[in-house]
Amino acid sequence: MNFTINGTKVTEAKHECTIVGVFNQPSFDGELLEMDKAFQGYLTDLVKEGDISSKPKKISKIHTFGKLNTKRLLFVGLGKQKELTFDLLREAIGAAAKSIKDMKLSSFGVALDTFVTEEFNAEDVAHAFSEAFTLATYEFYGYKQKSNEPEVLLESVDFLTASDHKGVRAALHVGYAHGRGTNSARTLVNMPSNMLTSTKLAEYAAELGEKYGFETEILDKEEMERLGMGALLAVNQGSVEPPKMIVLKYAGKDEWKDVIGLVGKGITFDTGGYSIKPKDGIVGMKTDMGGAAAVLGAMEIIGELKPEQNVVAVIPSTDNMISGSAFKPDDVITSMSGKTIEVLNTDAEGRLALADGMTYAKHHGASYLVDVATLTGGVIVALGTDKTGALTNDEGFFEQVLEASNEAGEFIWRLPYTEKDKKRVRSSKIADLNNSPGREGHAIMGGAFVGEFADNLPWVHLDIAGTATSASSYELGPEGATGSMARTLALLVERFEVEN
Ligand code: BES
Ligand code: ZN
Ligand code: ZN
């Protein structure tokens, strides 16, 4: 998409449609007042009559009948100026974006300064715009013979503003990068597992690495065997698809230290294995690599924005299948860390894959760890589908993740993690750990298991089983994959400060 920035006044600029922000306030000021004058005060009347609404996220469209150069105005309700939040701004823009998409325009204008408040300057609005627009207009075209792809694609957006163009341009770039990285994550999650095998996921990661100059390492099965990755290999045992351990390294500092490790669950399909899922629970399990997608989406954003940080992304990937060679309940396996694990449930496979992912991230120098995974149905029971569940062993590091998630507008909620929880994952008569201590608090158990592989490094666990997909469309996207946590992870990296 092409963004242009233009000093032309809204009353002069020529577009098929121009988006205008409208606040709930006693009377118009600034550019809206100028527009109202061109309309001989009719805009004020339309607000009074309710034909133009300032209610948050409400969209109203009018034809200008030649009173302005622009053919139509699309008003976005923003509510009271003082009550505007960045989340609301993003969602309101998302609603406008969906409207514009329905209009099938190839270009439109934005009266950027009509969105500016005391709290949010033109750069903030520009960031919100490019991000929300990119997210809201995302579509997964699928594989129909008759393509879903629209005939008219949006090509350019013209931002009208009296503000410094350089700052606005930079902010547009940042928002656009966040939007695109998230959309890439969505596409990976929306792809079926016969098309997105671990091999394909690894190829995708390698291409990303090539594009952004990341150091890339893709381990194959033999290399994993040599390194003793018995946990990931056990999950792969029943599959005809080879497993992959995917590593991307982004070095934004002179020295390879203070490295943030991002570990994403990359189960391309989860049947449950011998602890097989009921048939209704299997449909949708192509999304079980949502953690991997979030990490790759974040790496794309990081590659675009190049923050001065060090990051190692690690994705243990396989599908979880059944066959004569598959791993079974009661098996005891040995992880790369040396810890042995009694398998009580083959459907608790994500934590096994992550165990070796965490160890391998440390092997590559990670000094902080975040794991992201569609790990448990339990987190959906506990928090619903709009909140990511978190666990941590480090207050300060968690605070940084929480701030990033607030900035991204991705809700996370911390679950308790106590010595008793650790005891439950450590309770096995014949191994160091067990992978399924029972259904009580099992979102916590999933995280607690992964935490055993953090050792003493600051670590945050993010369970996105509920948030990785959405059953219905919303302001910032369609139904299906959400790209959950791609932006949070990227922002964590962008804003990261080493703890003392
Ligand atoms: N991939 C699932 C979790 C999941 C469930 C993701 C629903 C998205 C939607 C995971 O591997 C799993 O099966 N977890 C089990 C763990 C249990 C066996 C301890 C679960 O949550 O039931
Ligand atoms: Zn499972
Ligand atoms: Zn799973």
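A residue counts as buried when its relative accessible area is under 20%. That cut-off is used throughout this tour of a predicted model.

**Stop 1: the zinc ion (ligand 3)**

Select the zinc ion (ligand 3) and show the side chains around it. K265 (NZ), D270 (OD), D288 (OD) and E349 (OE) coordinate this ion at 1.9 to 2.4 Å. The site has 6 donor atoms, with angles of 77 to 171° among them, and is octahedral. Along the sequence, the spacing of the donor residues reads K-x4-D-x17-D-x60-E.

Are D270 and D288 buried or exposed? Both are buried.

**Stop 2: the zinc ion (ligand 2)**

What links the zinc ion (ligand 2) to the zinc ion (ligand 3)? D270 bridges them, and the two ions lie 3.2 Å apart.

Select D270 together with E349. D270 is in strand 10 and E349 in the loop between strand 13 (340–342) and helix 11 (350–363), so the pair ties together parts that are 79 residues apart in sequence. E349 is buried, as is D270.

**Stop 3: residues 345–352**

Select residues 345–352. An unreviewed UniProt entry lists this span for "domain: Cytosol aminopeptidase". Its end C-alpha atoms are 11 Å apart, and the span is 38% helix and 0% strand.

**Stop 4: aromatic pairs**

How many aromatic pairs does a search of the whole structure find? The search finds 16.

Zoom in on F115 and F129. Their ring centres are 5.5 Å apart and their planes stand at 90°, so the pair is edge-to-face. F115 sits in the loop between strand 5 (107–111) and helix 4 (122–136), and F129 is in helix 4, so the pair ties together parts that are 14 residues apart in sequence. F115 and F129 are buried.

Go next to Y212 and F214. Here the ring centres lie 5.9 Å apart with the planes at 35°, so the pair is tilted. The relative accessible area is 12% for Y212, which is buried. F214 is also buried, at 6%.

**Stop 5: charges over rings**

Finish with two Lys or Arg side chains placed over Phe rings. Select K387 and F411: the charged end of K387 sits over the ring of F411, 5.8 Å from the ring centre. Then select R414 and F398, where the charged end of R414 sits over the F398 ring at 5.2 Å from its centre.

Definitions and conventions:
Residues are numbered from 1 along each chain as its sequence is written. Chains are lettered from A and ligands numbered from 1 in the order in which they are written. This is a predicted model: local features need pLDDT of at least 70, side-chain atom pairs count only at pLDDT 80 or more; totals for chains, interfaces and linings use all residues. Side-chain values use heavy atoms; hydrogens and water are left out. Rings of Phe, Tyr and Trp (its six-membered ring) pair if their centres lie within 6.5 Å; planes under 30 degrees apart count as stacked, over 60 as edge-to-face and the rest as tilted. Helices (H or I, at least four residues) and strands (E, at least two) are DSSP runs, numbered from the N terminus. Buried means under 20% relative accessible area, exposed over 50%, partly exposed in between (1.4 Å probe, protein chains only). A charge sits over a ring if NZ of Lys or CZ of Arg is within 6 Å of the ring centre and within 35 degrees of the ring normal. Donors are N, O and S atoms within 2.8 Å of the metal (3.2 Å for Na, K and Ca); water is not among the atoms, so sites may look incomplete. Four donors count as tetrahedral if all angles lie between 85 and 135 degrees; four count as square planar and six as octahedral if opposite donors are over 155 degrees apart and all others between 65 and 115; anything else is irregular. UniProt positions are given in the numbering used here, feature names are shortened, and annotations may be inferred rather than shown by experiment.
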